[in-house]
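Welcome, and thanks for taking a look at this one with us. Here is a short tour, arranged by topic, to read alongside the coordinates.

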Amino acid sequence: MAKVVVVTSGKGGVGKTTSTAALGAALAQHGQNVVVVDFDVGLRNLDLVMGAERRVVYDLINVTQGIAKLPQALIRDKRLERLALLPASQTRDKDALTEEGVSRVINSLKQMFDWVICDSPAGIERGATLAMRFADTAIIVTNPEVSSVRDSDRIIGILDAKTVKAERGERVDKHLLISRYDPARAARGEMLSIEDVLEILSTPLLGIIPESEEVLRASNLGSPVTFNNPSSAPARAYLDAARRLMGEEVEMTIPTEKQGFLGKLFGRRAA
Amino acid sequence: MTSVANPRQSPRFVCRSYMAVALAPEPPLVDWIADIEQKIRDTGSFLVGPPVVLDLSSVKLSKSAIAHLVAQLEQRGVRVMGVENVDPSQMDTALPPLLRSTKRESADVSVPAPKARETQREKQQQVRETRSAPATLLLDKPVRSGQSIYFPDGDVTVLGSVGSGAELVAGGSIHVYGTLRGRAMAGSNGNARARIFCTKIEAELLAIDGHYLTADLMDMALRDRPVQAWLEGSALKISALD
């Protein structure tokens, strides 16, 4: 049975799109059939991060409105056939999304893939609520900062109230993905500790993604970080998180870059 | 409560208590109205002008009879701002609103139908008690940021934390078995004896019966500790429980 996952956060810029791409790719690397769906209608980014921006013909809105068929809009990843992207429309806005249309598309995708990963736009408005509407599982992306944590708390409340599952009295599975974690800054008390975040949000942890230039580099190259440099610290964190999502027990660690002597020296000086 | 789709900050609801004159009509009503008329003549303006609440506990009146009574009083210059102790089924929007006195048991109020609209589900997690249930609202999940729990009928107990930006409003006391990071307003309909208890305080605002204290004004030494808050005169006091 296919799983519908929403990647959400409330706050913008915490790494929803990056995490959608990296987790989608990681699940595919673990042998799963995956589609990532961009719900950020009007401000689409997932196509860029996935490196598919030059192959977009039809989009989510076209499919919900019946202008295009789903297979026409899906873009298969060139690196891994098991991974597909359903892009958002850049020329429309969130009002173009209808609940009925989204429901139809998600149901069709569930027939075709093992995982349907919905990349939510920031905010708590229509785009975000429709992205989470049909989710079985939610991944809440949080930075260890108070503003991000409070917005995540808000989103968790909305997940418990406005999803189809919640309205049926069931529970959406919720996982916390802490991104942009900087152990050095956390040690100096400049950001919230993992314990603080977990205590405030009382939601189980899916993974801790360390702050890394690799993430930015991968995004700019249009390649999810797990493809671009699978041995890098953030890639290992995402690959582990994907295995946890698949139900495997994986010990929780914060992967760090292996640094040579000089690297350590400069790393410390830079920090 | 506004819908979540509204990006603006939702309006704040403040509960205040006021003094009002309560009039309890007694049968036969014709004589009672004559008495009132006599009183107005004798005492001058005592009943004319200030807000008056009609306590209908000793009479049983239909909707039209209530409307007639209100009209009769208004003719004599008595302004009825609310009605109490009447079956809600006898009320409609043309009549002054139904009030509930804090001293009385509110158990004889019938249960309003739950609102099915999805936009209200998140915010309106308030629960109206049924006839037999005690006036306590128990929440066994954390209260998340942006949620507003409004329970004017009694105490609110939360098993879990109250997130920053969440809001609890209770007619009675508030008990939080977890960290209180949001706002807690107890005794919202004029109950100065209400208290607030929590196992860890990081609250943004505490209020009892309209007297409030913001985080800025709270003693930093109490932060992160189990505390209770109560009202002493018009001063909100907080003390540690450990």
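**Arg181(B) and its surroundings**

- Arg181(B) counts as buried because its relative accessibility is 6%, under the 20% cut-off.
- Its side chain reaches across to the other chain, with a polar contact of 2.7 Å to the side chain of Glu199(A).
- Within chain B, the side chain of Arg181(B) also makes a polar contact of 3.5 Å with the side chain of Glu202(B).
- Leaving out residues up to four places away in sequence, Arg181(B) touches Glu199(A) and Ile200(A) from chain A, and from chain B a set including Ser161(B), Val162(B), Gly163(B) and Ser164(B).
- Ala203(B) and Glu204(B) are also among the residues that Arg181(B) touches.

**The four-stranded sheet of chain B**

- Four strands make an open sheet in the order S1-S2-S3-S4 (chain B), and their pairing is parallel.
- At the edges are strand S1 (21-23) and strand S4 (98-99) of chain B, each of which pairs on one side only.
- Strand S3 (residues 80-84) of chain B runs parallel to S4(B) and is joined to it by two bridges.
- Across this pair, Glu84(B) stands opposite Leu99(B).

**The six-stranded sheet of chain B**

- A second open sheet has six strands in the order S5-S7-S9-S11-S14-S15 (chain B), with mixed pairing.
- Strand S5 (136-139) and strand S15 (235-240) of chain B are the edge strands; each has a single partner strand, so one side of each lacks a neighbour in the sheet.
- From one strand to the next, the twist averages 20 degrees.
- Inside this sheet, strand S11 (residues 196-201) and strand S14 (residues 227-232) of chain B pair in the antiparallel sense over three bridges.
- In that pairing, Cys198(B) stands opposite Val227(B) of S14(B).

**Cysteines**

- How many disulfides are there over all chains? The count comes to zero.
- Cys198(B) is buried, with a relative accessible area of 4%.
- Cys118(A) is buried too, at 0%.

**Thr20(A) in helix H1**

- Thr20(A) belongs to helix H1 (residues 16-29) of chain A, and it is buried, with a relative accessible area of 0%.
- A polar atom of the Thr20(A) side chain lies 2.7 Å from the backbone oxygen of Lys16(A).
- Setting aside neighbours within four places in sequence, Thr20(A) is in contact with Val7(A), Val36(A), Leu46(A), Ile117(A) and Asp119(A).

**Backbone details in chain B**

- The peptide bond from Pro27(B) to Pro28(B) is cis, with omega near -5 degrees, and Pro28(B) is in the loop between S1 and helix H1 (29-43) of chain B.
- Asn85(B) is not a glycine, yet it has a positive phi of about 60 degrees; this residue is in the loop between S3 and S4 of chain B and is partly exposed at 21% relative accessibility.
- Asp209(B), also not a glycine, has a positive phi of about 50 degrees; it is found in the loop between strand S12 (205-208) and strand S13 (211-214) of chain B and is buried at 18%.

**Confidence**

- Chain A has a mean pLDDT of 92, with 94% of its residues at 70 or more.
- Over residues 267-271 of chain A, pLDDT stays under 50, and the model has one contact beyond four places in sequence for that stretch.
- Where pLDDT is low, the predicted coordinates should not be read in detail.

Note on methods
Residues are numbered from 1 along each chain as its sequence is written. Chains are lettered from A and ligands numbered from 1 in the order in which they are written. This is a predicted model: local features need pLDDT of at least 70, side-chain atom pairs count only at pLDDT 80 or more; totals for chains, interfaces and linings use all residues. Side-chain values use heavy atoms; hydrogens and water are left out. Buried means under 20% relative accessible area, exposed over 50%, partly exposed in between (1.4 Å probe, protein chains only). A polar contact is a pair of N or O atoms within 3.5 Å; within protein, one must be able to donate a hydrogen and the other to accept it, and residues adjacent in sequence count only if both atoms are side-chain atoms. Contact means heavy atoms within 4.5 Å. Two strands pair if DSSP finds at least two bridges between them. Axes are lines fitted to C-alpha atoms, for helices over the stretch in contact, and angles run from 0 to 180 degrees between N-to-C directions. A disulfide is a pair of cysteine sulfur atoms within 2.5 Å. pLDDT is the predictor's confidence in each residue, from 0 to 100.
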